[in-house]
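This report goes through a few local features of the structure shown below. It takes a loop residue, a ligand site and a helix in turn.

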Amino acid sequence: MDTLVRIALLPGDGVGTEVMAEILPCLDWLESRGHRLEIYHLPFGAEHFLETGETLPEAAFEEIRDGFDAILFGAVGDPRIPDGRHAEEILLRLRQGLELTVNCRPCRPLWPGSRPVIDLEVYRENTEGPYCLQGSTEPDRAVDLAIHTEPAVRRLLQAAFHRAGTRGCSLTLAHKANVLKHGHGLWMRIFEELRAANPGIVARGMHADALLCALVQDPTPFGIIAADNYLGDLISDLCAAFVGGLGVAPSLSWAPHLPYRCSVLAEPVHGSAPDIAGRGQANPVGMFLSTALLCRHLGWESEAAALEGAVSLALAEGARTRDLGGTSSTAAMGAAIRAHLPR
Ligand code: IPM
Ligand code: MN
């Protein structure tokens with residue numbers, strides 16, 4: 001028997017709750033395969049904020065940090081809270097407070113025959129850059145600070161080099177060091193250092209603007225793309241578009257230096273999608289694939305592969321939500337995927 005894994009579920013807002021509902025039976029399935037889970041549902045999100053005025057209370061944050069091993073996250077964002085305050089205080093607080101520096105967003109074709117045949121992973125720094133949320137709005141100017149620190153940049157780049165080495169693929173660093181001399185200058189310095197220390201890995205830096213152009217022309221040569229928080233956010237959405245869009249894009253964030261007990265968060269990339277929320281139209285694939293990434297991170301490779309395989313089989317037999325041009329509801333799509341899980 002495995003050691004007990006305590007997982008905090010934060011469905012959040014909008015379609016986050018709908019896709020989370022589809023993954024719940026998979027947690028029972030994981031238990032039926034001998035993994036010991038303890039699952040807690042946490043209410044934080046827009047609804048809870050509007051009712052109580054609290055986003056993520058400090059005591060709850062500390063309980064997650066010290067009492068859980070992992071977080072399964074749905075999405076945050078709600079038009080009733082236009083400044084996105086609760087999203088900052090929940091999602092960004094978790095990413096930053098738990099020091100989840102590395103955010104991996106893989107992009108692979110999901111069903112046979114889909115093009116282009118890419119196999120790339122965006123390694124996004126997940127806690128810094130403009131997401132440090134320091135700045136000011138003055139009458140005639142506005143400032144957003146972007147802070148980059150050596151430990152976080154080094155952790156992200158080390159993880160990216162390690163992954164490129166394991167996969168035997170190339171590594172491309174996206175940067176704008178020609179303009180962002182200080183911040184991206186720091187990235188370049190650490191990148192060059194790690195490049196010298198890893199002579200077996202084909203690694204190069206590219207200006208982010210040129211990289212985006214090259215990606216749109218032909219994404220197939222790229223293996224790992226490393227980027228700061230802001231560029232990584234943009235690049236990962238672009239890359240998701242190559243394999244079916246945001247509805248199918250998974251992500252996993254983790255703290256390689258293990259500062260706290262809770263060191264990993266799985267989260268689909270799609271966000272709360274208020275335009276389709278509550279209609280049963282959301283695509284649960286991103287949530288399934290994010291859960292697969294979490295399983296792999298926990299060392300449960302056969303369950304990770306089974307979840308990914310089940311998604312591919314369901315898509316191969318034609319199950320499609322509306323974002324993929326089909327008519328399946330969220331629940332039907334979830335059921336079609338789960339039907340392919342081995343007992
Ligand atoms: C993402 C999202 C978030 C981000 C938002 C919701 C703050 O776009 O996870 O990519 O910008 O990081
Ligand atoms: Mn984003």
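## Local contacts and the ligand site

Leaving aside residues up to four places away in sequence, Thr-321 touches Gln-281, Ala-282, Asn-283, Pro-284, Gly-326, Ser-328, Ser-329 and Met-333. The model is a predicted one. Thr-321 belongs to the loop that runs between helix 10 (301-316) and helix 11 (330-338). With 0% relative accessibility, Thr-321 counts as buried, because the cut-off for buried is under 20% relative accessible area.

From C-alpha to C-alpha, Leu-180 is 9.9 Å from Ala-146, and the two are 34 residues apart in sequence.

The ligand site comes next. Around ligand 1 are Arg-95, Arg-105, Arg-124, Tyr-131, Asp-233 and Glu-267. Sorted by class, this shell holds five charged residues, one nonpolar residue and no polar residue.

| Residue | Distance to an oxygen atom of ligand 1 |
|---|---|
| Arg-105 | 2.9 Å |
| Tyr-131 | 2.6 Å |
| Asp-233 | 2.9 Å |

Ligand 1 taken alone exposes 320 Å², of which the protein buries 71%.

Arg-95, one of the residues around ligand 1, sits in helix 4 (residues 85-97). Its relative accessible area is 5%, so Arg-95 is buried. Beyond residues up to four places away in sequence, the contacts of Arg-95 are Leu-100, Arg-105, Arg-124, Asn-126, Thr-127 and Glu-267. Among these, Arg-105, Arg-124 and Glu-267 are also found around ligand 1.

The last element is helix 6, residues 183-197. Does the distance between its ends agree or disagree with the expected span? At 1.5 Å a residue, the 15 residues of helix 6 should span 21 Å, and the end C-alpha atoms are 22 Å apart, which agrees.

The buried residues of helix 6 are Gly-183, His-184, Leu-186, Trp-187, Met-188, Ile-190, Phe-191 and Leu-194. An α-helix has 3.6 residues a turn, so residues three or four places apart point the same way. The strands that the buried residues of helix 6 pack against are strand 5 (120-125), strand 8 (171-175), strand 9 (203-207) and strand 10 (224-227). The helices they pack against are helix 5 (150-167) and helix 8 (229-242).

Key: Residues numbered from 1 in each chain as written. Chains lettered and ligands numbered in written order. Predicted model: local features only at pLDDT ≥ 70, side-chain atom pairs only at ≥ 80, totals over all residues. Heavy atoms only, no water. Helix = DSSP H or I, 4+ residues; strand = E, 2+ residues; numbered from the N terminus. Expected span 1.5 Å × (residues − 1). Buried < 20%, exposed > 50% of the residue type's maximum accessible area, 1.4 Å probe, protein only. Contact = heavy atoms within 4.5 Å. Near = heavy atom within 4 Å. Polar contact = N/O pair within 3.5 Å; in protein donor to acceptor, adjacent residues only side chain to side chain. Areas by Shrake-Rupley, 256 points an atom, 1.4 Å probe, with all protein chains shown as cover. Nonpolar A, V, L, I, M, F, W, Y, C, P; charged D, E, K, R; others polar.
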